[in-house]
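Here's a quick briefing to read alongside the structure. Have a look at the model, then come back for the rundown.

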Amino acid sequence: MKFHGYERSDGSVGVRNILLVMAVADCSEPVARMIAEGIDGAFAITQHYGCIPGQMVANTLIGVGENPNVAAVLLVGMGCEGMPAPALGKMIKRSGKPVGWISIQELGGTHNAVSKGKQILKEMSEKVVRSKRKEFDASKLIVGVKCGGSDTTSGLAGNPAVGAFVDMLVDAGGSAIMSEPVEAIGAEGPLANRARNEDVRKKIYTMIGNEEKRWSVPGAQMEFMCKGNVEGGLTTIEEKSLGAIHKSGSRTIVDVLENSDRLLEKVPEGGGFYLQDGTHMEPMTMSFMAAAGAQMVIFVTGCGGTFGHAIVPFIKVTGNPETYRRMPQDMDINAGTIITGEESVDSVGHRIFEEVIKVASGKATLGETLGYDNFSVFRTDPRLEALLNLSK
Amino acid sequence: MKKALMMNEKDNVATALEDLDKRTITSVLLPSQDLLKEVTTMQAIPFGHKLAIIGIKKGDKVIKYGEVIGNASQDIELGDYVHVHNVKSNRMQMPEIWYREEA
């Protein structure tokens, strides 16, 4: 299978040509939004952990800036941050793409910063508009898989169909990545059995074990399953996890990608299926996957979901025929045909692969058509990590 | 006839493929879609929820996908509705904030 994408100078291939305006902290976000407004292909993003957010957040923002879907980056800083725009900008620039940065304080406030920012962005835009899509093999694709708003159709239809697609992509030389360690609790055995070697097997148990400790602090009532999960028929975290991991397919787990203050590991070249340490919360997981190099994400839902991501196109698959009927403007793929007996799991897997190729070549997902541009980042709480002895 | 599906031959529960009323004779299908047996539901079971396809004693494992999804917190009879009221996780309990509403 072939798709048409944008070649980047570091050898990666983008499926979108985004002009990214990155406010390094949320105090600069309004200015970043004003800069992006009205410029084609421009998105403004930020993070909400303050201006000394820690290395994990910096790793994510750098990785997102380096993501192949991003054609050029303009960083917007107030000027007094502990994580300054020039520092992040210089790291992102190593990828070879156009990167600029401005300081709102240095430029003398909002009006000057917006007009300077727009000027830089328009110059970047002229370069970006000239780039054309070229043909690439599907082996250049890195696709994230994620589920949310799960009901039992997710384990019966949606996730198995995405798992079939993941196997097809990996067999074609491409890469796939799954995170959400909390939704692997109770499913360690089937995952560990697919580990490439003993080292990877240990990493799988460590990642899931650490996540279980974070969610099992005595006295803290933590919601790790939503009410919709239970109303949809899921009884325990084990049941949810065993259904959730179906979307990872059946191929060898090549490695568990580290994601900590120390390091955010990228998906290496060469294809295969990877786990990524991280979180199960949807837009945040997608930011981690984007930072690891994923160009798009497949989202499986039972109950339905109306969101997307600023950096990675987001293909929504539902295994619930009733959800597909009720939310046709939001669900890209109907895997409910497996429940009704009209289609096999493999047949839906093929349809997902075909849709991935189309979206990789420029077809807008329903979420993109609706303008969804969620972006949020996650960091582990350094205090909890220290108290539980999980710090790396 | 109404249907419920086993995900693995080791399972002791099956998932309702449509809403099942109380006392509905239901075809329990193996993963191959072949008929295993017919079971009469003891309670109403909504689409996507589980019914017991053999009796499960209190403390015994509840198995779906061929793996343990929890243990029975009370005796479960053939055809019973199997959910949060009679199964407990061995790993993490759900927050009581909304869990109680479900029981």
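This is a predicted model: local features need pLDDT of at least 70, side-chain atom pairs count only at pLDDT 80 or more; totals for chains, interfaces and linings use all residues.

**Chain B**
- Chain B carries nine strands and one helix.
- Reading from the N terminus, the order is β-β-β-β-β-β-β-β-β-α.
- Its C-alpha trace spans about 40 × 25 × 20 Å along the principal axes.
- Of its 103 residues, 39% count as buried.
- Among contacts in chain B with a separation of 6 or more, 46% come from residues 24 or more positions apart.

**Chain A**
- Chain A has 15 helices and 14 strands.
- Its radius of gyration is 20 Å, close to the 21 Å from the globule rule for 392 residues, so chain A is as compact as a globular protein of that length.
- The C-alpha trace of chain A covers about 60 × 50 × 40 Å along its principal axes.
- Buried residues make up 56% of the 392 in chain A.
- Residues 24 or more positions apart supply 72% of the chain A contacts with a separation of 6 or more.

**Where the chains meet**
- On each side of the pairing there are 26 residues: 26 of chain A are in contact with 26 of chain B.
- On the chain A side, the elements giving two or more residues are helices H6 (152-171), H8 (198-215), H9 (227-231) and H10 (237-244) of chain A.
- H10(A) gives the most to that side, with four residues.
- Sorted by class, the chain A side has 11 nonpolar, nine polar and six charged residues.

Key: Residues are numbered from 1 along each chain as its sequence is written. Chains are lettered from A and ligands numbered from 1 in the order in which they are written. Two residues are in contact if their C-beta atoms, placed from the backbone, lie within 7 Å. Ala, Val, Leu, Ile, Met, Phe, Trp, Tyr, Cys and Pro count as nonpolar, Asp, Glu, Lys and Arg as charged, and the others, Gly among them, as polar. The radius of gyration is taken over C-alpha atoms; the globule rule is 2.2 Å times the number of residues to the power 0.38. A residue is buried if 20 or more other C-beta atoms lie within 10 Å of its own, exposed if 12 or fewer, and partly exposed in between; C-beta atoms are placed from the backbone.
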